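Dear colleague,

I am passing on the structure below, together with some notes on what turned up in it. Please read the notes with the model open beside them.

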Amino acid sequence: MGASVKTTYREAVRAAMRESLERDERVFLMGEDVGKYGGAYACSLGFLEQFGEERIRDTPLSESAFVGTGIGAALGGMRPIVEVMTVNFSLLALDQIVNTAATFRHMSGGQFSVPLVVRMATGGGRQLAAQHSHSLENWYAHVPGIKVLAPATVTDARYMLGAALDDPDPVIIFEHAMLYPEEGAIEDPGSGFDPWHSEIRRNGADLSLITYGGSLPKALSAAEELASEGIDAEVLDLRTLRPLDNACILRSVAKTHRAVIVDEGWRTCSLAAEISALIMEGAFDELDYHVRRVCSEEVPVPYAMHMEEAALPSVARIISAAKEMF
Amino acid sequence: MAEFRMPKLGADMTAGTLVGWTREIGERVNRGDIIAEIDTDKGVIEAEVFTAGTIESYLIRPGDEVPVGTPLAIIRENGTSPEIASSAEKTEIGKVHASPVARNLAEKLGIDLSAVKGTGPNGRIQRDDVKRAAKTVVVPEAETETGADRSLSRSAEKMRRAIAAAMERSKKEIPHYYLASTIDLGPALGWLERENAARPIRERILPGAMLLRAAALALRDFPEFNGLYENGSFTHRDEINVGFAISLRGGGLVSPAILGTDKLGMGELMAAMMGLVSRARSGALRSSELTEGTVTVTSLGETGVETVLGVIYPPQVALIGFGSIREGVTVADGGIRATKLVNASLSADHRVSDGQRGSALLAAIGRLLESPEELWQEKK
């Protein structure tokens, strides 16, 4: 680890894209409002002026078309970064991602790979209502042939993109919209940055809070509060949602004997469900209490602030789930 | 007052572990009711009670391993009045409420969970409770395997040991002789096909049931093959309870008995066989099924071997084997005819019977199979 620099998650995403665009001629950015407007979350502010229209391409509201174009460009030797404004909108491009990007290596008998990176915002908390607020990471994590990353820290926001572009296969990066203004220090990873494993963000002995993305800050706050009540919680940041780092999850549960999974997706058929099953299969005899899940309520995310807050996982819900185990 | 004692659920069983009680104290039970689950070398067996009455008290707790014959429960027989029990004896034996890791650790450390006080949610015993309890208990040194490894391999190992003990005893003690002969199954299978055509799919009869019935019916006239050789002498049994060898998916085998095999019609016998197989594989055999066998039939089914020469299951004195049913020819009326054949074999105890009678027994089985009308008669 070298020197650390204080910045925001948004700045880190921007720095990552700028570096990739500068480093490799084949990289270009494409998506709705990424050019003139500077990106819906201002992640590409100033890019159009710096890199020009050839490499910073505004697209129509046509997710299927521009994700498909990205796949074509990747097959043609480019290294596209496609930005989809929210995961809700990505459903229009689901066919391109699931039927084409994920299958091409297989369907071509290994002759073609699709080195495509799709970045998309995810999650609620901004009163943007039911068509802009969902967390559908599990839909993608379900599909063989694609990889799924969820940077939760500024360091991961800064370095996961480069690792994703280096990957020969399609990688989807989920950026939780509530994280963009989060501040933190970018740790210089040196040459050893690896996004394909989970990290323990806080060591603990009594309980594992297993989470990712936008729920990580909530889990860390909950862990601090639990510590004041004498419960020493470990916080595990998944980072990679496909493939999951099974070994890290099982190691943590074997150490603490209790697991609460915090996942902003809906509970039914969620990533939390998958991780829970994984723990049953790999660490059943280590459990001191059944696995608990803190997920979103099974409703479309509401608009009204108090209702939205009630629907999403909260620090209070994590604490109450954790305390039930003792 | 009657005592319900640890049953002997196999010739070589010396001790058993109580898994749990299936009835509550104060409940009325009838002869044949299942009141406990006992873990033995053959897996978990449901133990039946032989006294009708009311359960007065339990004398051991789930998890306790005790020798065969140890009193486990007191049953007040019908028509007697309750005794005044001292309050100290009225310990309530409840289900142990403990987490997986607590159970795992308790087993590793040799801690009796029923004596551990749980401090978790709803009084659940958690890992820390076991650790606290362990501080006051001397840990046995022999335990070196990890709990997970052991629980996985233990039941298979125990069963292997039980089979080893029984088979070793058999070959050491029983002077076996072996006979085999080939039976033309053509007519019987033809009959079976016509019979099955008229039955719903779930009630179809498999050839194995036919073989078992033939063996059971034939044994009626050969008492020296149906019984037990114990303490230096043979006792014939009137009832014919054919033990039926079932291989288990996890390895090993059991041979639970079908009580009164010869008295069951073909359909009843088929249902009994299916029931035994599924209960043997789910670990829900009854104690009488494991102790009441008087003779064993083994049928290796479709594994392809022509003849099976079995090892007698002591203290029984005979084992009848059927190889796989195969295509073959038979010579009749100076010509040859394609048909289905099966090799029947007999392993018998020479202390009790001789080859002449054994050969006659195999011939009787052959006659029954070659004249299906008689085999299918529902004679009781």
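Asp33(A) sits in the loop that runs between strand S2 (27-31) and helix H2 (47-51) of chain A, and its phi is positive, at about 60 degrees, although the residue is not a glycine. The loop between S2 and H2 of chain A also holds Ala42(A), where phi is again positive, near 60 degrees, in a residue other than glycine. Ala42(A) has 15 C-beta neighbours inside 10 Å and therefore counts as partly exposed. Please bear in mind throughout that this is a predicted model, with an ipTM of 0.72 and a pTM of 0.55.

As for chain A in general, there are 13 helices and 14 strands, and 50% of its 326 residues count as buried. Among its contacts between residues at least 6 apart in sequence, 79% join residues at least 24 apart.

One helix pair in chain A deserves a description of its own. Helix H1 (residues 9-23) and helix H8 (residues 154-166) of chain A pack with their axes 7 Å apart and at an angle of about 25 degrees, which means that H1(A) is roughly parallel to H8(A), since angles under 35 degrees are counted in that way. The crossing of H1(A) and H8(A) is right-handed. On the H1(A) side the residues that take part include Tyr9(A), Val13(A), Met17(A) and Glu19(A), and those they meet in H8(A) include Val154(A), Arg158(A), Leu161(A) and Leu165(A).

Among the contacts in chain B between residues at least 6 apart in sequence, 64% join residues at least 24 apart. Glu193(B) belongs to helix H4 (residues 186-197) of chain B and counts as exposed because it has 9 C-beta neighbours inside 10 Å. Between Glu193(B) and Leu206(B) there are 9.7 Å from C-alpha to C-alpha, with 13 residues separating them in sequence.

Confidence in chain B calls for some care. The average pLDDT of the chain is 83, and 87% of the residues score at least 70, while the lowest confidence in chain B belongs to helix H3 (residues 147-173), with a mean of 72, and the highest to strand S18 (residues 318-322), at 95. Over residues 83-93 of chain B the pLDDT stays under 50, and the model has six contacts beyond four places in sequence for them. Residues 138-152 of chain B also have a pLDDT below 50, and this stretch has 12 contacts beyond near neighbours in sequence.

Where the chains touch, eight residues come from chain A and 10 residues from chain B. The chain A side of that contact divides into three nonpolar residues, one polar and four charged.

Lastly, there are cis peptide bonds to look at. One joins Arg242(A) and Pro243(A), with omega about 0 degrees, and Pro243(A) lies in the loop between strand S12 (240-242) and helix H10 (246-256) of chain A. Another runs from Pro314(B) to Pro315(B), with omega near 5 degrees, and Pro315(B) is in the loop between strand S17 (295-299) and S18 of chain B.

With kind regards

Notes. Residues numbered from 1 in each chain as written. Chains lettered and ligands numbered in written order. Predicted model: local features only at pLDDT ≥ 70, side-chain atom pairs only at ≥ 80, totals over all residues. Helix = DSSP H or I, 4+ residues; strand = E, 2+ residues; numbered from the N terminus. Buried ≥ 20, exposed ≤ 12 C-beta atoms within 10 Å, placed from the backbone. Axes fitted to C-alpha atoms, helices over the stretch in contact; angles between N-to-C directions. Parallel < 35°, antiparallel > 145°, perpendicular 65-115°, else oblique. Left-handed = near helix turned anticlockwise from the far one by under 90°. Contact = placed C-beta atoms within 7 Å. pLDDT = per-residue confidence, 0-100. Nonpolar A, V, L, I, M, F, W, Y, C, P; charged D, E, K, R; others polar.
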